[in-house]
Amino acid sequence: MTTSTSTMDLVDRKILNIIQTRFPIVEAPFKAVGDEIGIAETEVLARIDELKSKNVVRQISAIFDTRRLGYKTTLVAMRFADEDLDAAAQIINEHPGVSHNYARNGHFNLWFTVAVPPYEELADTVEDMAQRTGAETYRMMPTIKFFKIGVNFDMVKEEGAAKKYYSPDGYNRSGAVAEDWNKAMPVSDFEVEVIRELQEDVELVSRPFTPMAERLGISLQEMFDIADSFQERGLMRRFSAVLHHRRAGFRSNAMAVWKVPSERAVEVGNMMAQSRWVTHCYERPTFPDWPYTHFTMIHATSQETCEEVAAGLSEETGITEYQLLYSTREYKKTRVRYFV
């Protein structure tokens, strides 16, 4: 059952705008949110508790960069007979490295992301999944170029707001790229302990970071300094809430796939990444049965808006061969838990 956005008032929407973008890493973060919009800390806590009970807010925690931590990850597309799809998805969900798993329309009907630690072979893991589920066919589609990740919605205006974004590969409008975009960064044993704390859902209490620091045996400021260091080194993208898009009112989720000539890969990727409706933008490999190179995630309040956004991107870039793959069922969406 989808929670109607009409049950959320303007204050709820303002809270969501703040915590999905930049949850304050301070001693009393909920008070800081309340101070920004002019309400008491107790009201902020009560409202977020209610939003979590309705599954509008899934989790509030650190978002780490999988590749920077040395993990290997890929998008996988599989095809199943319709009657086998649900059972196959449940088997795939059992893997702790599967963070997103969706049924979609189109040639492949199950799409998921999987991450494995450095000592595991990604290809072996995916092949094992295909055999265990009886997949008719599958394709591994790892990222070739990573132009954008920036999931953000304007809950007040009910529109996409992915304006500022994190580009793991360092791509910018000039086409420049950071040299170390795909390199794992070394982390100490103690930093691993900090990562284990920061990746867990924060408690809805006045000072949620205090017990984390106490468990680590350091001061709050020391823990905040380490978190800042993680962001500076590209290990942590941000600390924020993850919303259930549909329950937050963004009921349509289209993975737009585009056939882009190789000589225009960076140019087009950067153009698409500028759209406030596009939350993710990647280049991925092609196959004889899959000619699409660029993937853009579009979230909107309606399918009609998704199609208007895609049509606008097509007109702007001149790329006319594309498909919109809509998610028809969400089997899993969570954050990967690292070093567990």
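**A walk through the predicted structure**

The side chains of Arg237 and Asp65 meet in a salt bridge, with 3.9 Å from N to O; a salt bridge here is a side-chain nitrogen of Lys or Arg within 4 Å of a carboxyl oxygen of Asp or Glu. Arg237 lies in strand β9 and Asp65 in the loop between β1 and β2, so the pair ties together parts that are 172 residues apart in sequence. Both Arg237 and Asp65 are buried, where buried means under 20% relative accessible area, exposed over 50%, and partly exposed in between (1.4 Å probe, protein chains only). Helices (H or I, at least four residues) and strands (E, at least two) are DSSP runs, numbered from the N terminus.

The model is predicted: local features need pLDDT of at least 70, side-chain atom pairs count only at pLDDT 80 or more, and totals for chains, interfaces and linings use all residues. Residues are numbered from 1 along each chain as its sequence is written, and side-chain values use heavy atoms, with hydrogens and water left out.

Side chains of opposite charge can pair when their charged atoms come close. The whole structure holds 21 salt bridges. One of them joins Glu136 to Arg79, with the closest N and O atoms 3.3 Å apart. Glu136 sits in the loop between α5 (122–133) and β5, and Arg79 in strand β2, 57 residues apart. Arg79 is partly exposed, at a relative accessible area of 26%. Another salt bridge is formed by Glu321 and Lys259, whose closest N and O atoms are 3.7 Å apart. Glu321 is in the loop between α10 and β13 and Lys259 in the loop between β10 and α9 (265–273), so this pair ties together parts 62 residues apart in sequence. Glu321 is partly exposed at 46% relative accessibility, and Lys259 is partly exposed at 38%. Salt bridges that share partners also join Asp9, Asp12, Glu43 and Arg47 into one network.

Next comes the sheet. Its 9 strands form an open sheet in the order β5-β2-β4-β3-β13-β10-β12-β11-β6, with antiparallel pairing; two strands pair if DSSP finds at least two bridges between them. β5 (137–141) and β6 (145–149) stand at the edges with a single partner strand each, so one side of each has no neighbour in the sheet. From one strand to the next, the twist averages 25°. Strands β3 (residues 98–104) and β4 (residues 110–116) pair over 5 bridges, and Val98 has Val114 in β4 as its bridge partner.

Helices lie across this sheet. Helix α4 (residues 85–93) lies across β2, β3, β4 and β13, at about 65° to β13. Helix α10 (residues 303–317) lies across β10, β11, β12 and β13, at about 135° to β13. Axes are lines fitted to C-alpha atoms, for helices over the stretch in contact, and angles run from 0 to 180 degrees between N-to-C directions; contact means heavy atoms within 4.5 Å.

In soluble globular proteins, nonpolar side chains tend to be buried together. A nonpolar core is a set of buried Ala, Val, Leu, Ile, Met, Phe, Trp, Tyr and Cys residues joined through side-chain atoms within 4.5 Å. The largest such core has 45 residues, of which Ile19, Leu198 and Met223 touch the most other members. Its largest share, 6 residues, comes from α8. A second, separate core of 20 residues includes Val260, Trp277, Ala310 and Leu313.
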